[in-house]
Amino acid sequence: MSPIRNIVVLTGAGVSAESGIDTFRDAGGLWEQHRVEDVATPEAFARDPDLVHRFYDARREAIQAKQPNAAHEALARLDAGWPGELLIVTQNVDDLHERAGAKRLIHMHGEHLNAWCIACDTRSRWTGTLIERPACPACGMPGYLRPDVVWFGEMPYRMEEIYAALNKADLFVSIGTSGAVYPAAGFVREARAAGARTLELNMEPSQGSYWFSEARHGPATQLVPQWVDQILGF
Ligand code: APR
């Protein structure tokens, strides 16, 4: 078997679950508490911006009180210690990967702690609320800031870089995601087609489990440190 040099890691809500951040589709998850059509589409924002702002303002505040867990910390260790190429692609909009120290990281679905001005197209660091329609720090226009989150029907970010990394990956690892949402759910097949080995680390088999050459099931805070120790040769 050829040596592993280039690794792509995909993470989802399951990697932050043990930090106390709700996942989307597990029992009692966000999409049981809220209708996607009411809070996570451009149409919802046009129809009822207050409802959408209330939803994201509450989540933006909540994540700032959460801490990275052992899975985030292990991936930051991998980032610091892996001599080959590594890209961590997260579907999560929290900042726990960065707070744990990860650097080689892409937020393909955006970030809670950014506000996006649809007047001047600037993204500004934002930790407060948006419901009162504050002015954009860059252009000064009030009322044009929206959550910097990729909603259903919108294009995820930095897809060219992600596909370039997948196409030269020797190993693709998926952590804490249900495989319910594309294009992320298709990454395993992209990586396989490029000849990569594929590993799923998840609490239970995901919808795309079939495509993985290996799967380990259990909590991320156990599986991820074990896998990182193994790949770093500890
Ligand atoms: N450890 C490991 N896996 C876990 C844990 C845990 N502690 N807790 C839950 N999981 C797994 C679940 O079994 C499930 O397969 O994490 C997965 C979470 O799935 P979803 O809630 O569907 O979240 P995700 O896959 O990240 O959603 C993808 O959908 O709603 C959109 O844009 C949103 O980025 C999100 C995308």
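User: How many aromatic pairs does a search of the whole structure find?

Analyst: The search finds nine aromatic pairs. A ring pair is described by the distance of the centres and the angle of the planes. Rings of Phe, Tyr and Trp (its six-membered ring) pair if their centres lie within 6.5 Å; planes under 30 degrees apart are stacked, over 60 edge-to-face, and the rest tilted. Take Trp-31 and Phe-55: their centres are 6.2 Å apart and their planes at 25 degrees, so this pair is stacked. Trp-31 sits in helix H1 (residues 30-33) and Phe-55 in helix H4 (residues 49-63), 24 residues apart, so the pair links distant parts of the chain. Helices here are DSSP runs (H or I, at least four residues) and strands are too (E, at least two), numbered from the N terminus.

A word on the model: it is predicted, local features need pLDDT of at least 70, side-chain atom pairs count only at pLDDT 80 or more, and totals for chains, interfaces and linings use all residues. Residues are numbered from 1 along each chain as its sequence is written, and side-chain values use heavy atoms, leaving out hydrogens and water.

User: Are Trp-31 and Phe-55 buried or exposed?

Analyst: Buried means under 20% relative accessible area, exposed over 50%, and partly exposed in between (1.4 Å probe, protein chains only). Both Trp-31 and Phe-55 are buried. For another pair, look at Tyr-210 and Trp-211, which are edge-to-face at 4.9 Å centre to centre with 85 degrees between the planes. Tyr-210 is exposed, with a relative accessible area of 68%, while Trp-211 is partly exposed at 28%.

User: Which residues do ring pairs link into a cluster?

Analyst: The cluster holds Phe-24, Trp-31, Phe-45, Phe-55, Tyr-56, Trp-151 and Phe-152.

User: Which ring does the charged end of Arg-123 sit over?

Analyst: A charge sits over a ring if NZ of Lys or CZ of Arg is within 6 Å of the ring centre and within 35 degrees of the ring normal. Arg-123 has its charged end over the ring of Trp-116, 4.1 Å from the centre. Likewise, Arg-146 lies over the face of Trp-151, with 3.8 Å to the ring centre.

User: What kinds of residues make up the lining of the second largest pocket?

Analyst: By class, there are six nonpolar, three polar and three charged residues. Nonpolar covers Ala, Val, Leu, Ile, Met, Phe, Trp, Tyr, Cys and Pro; charged covers Asp, Glu, Lys and Arg; the others, Gly among them, are polar. H4 gives the largest share of this lining, five residues.
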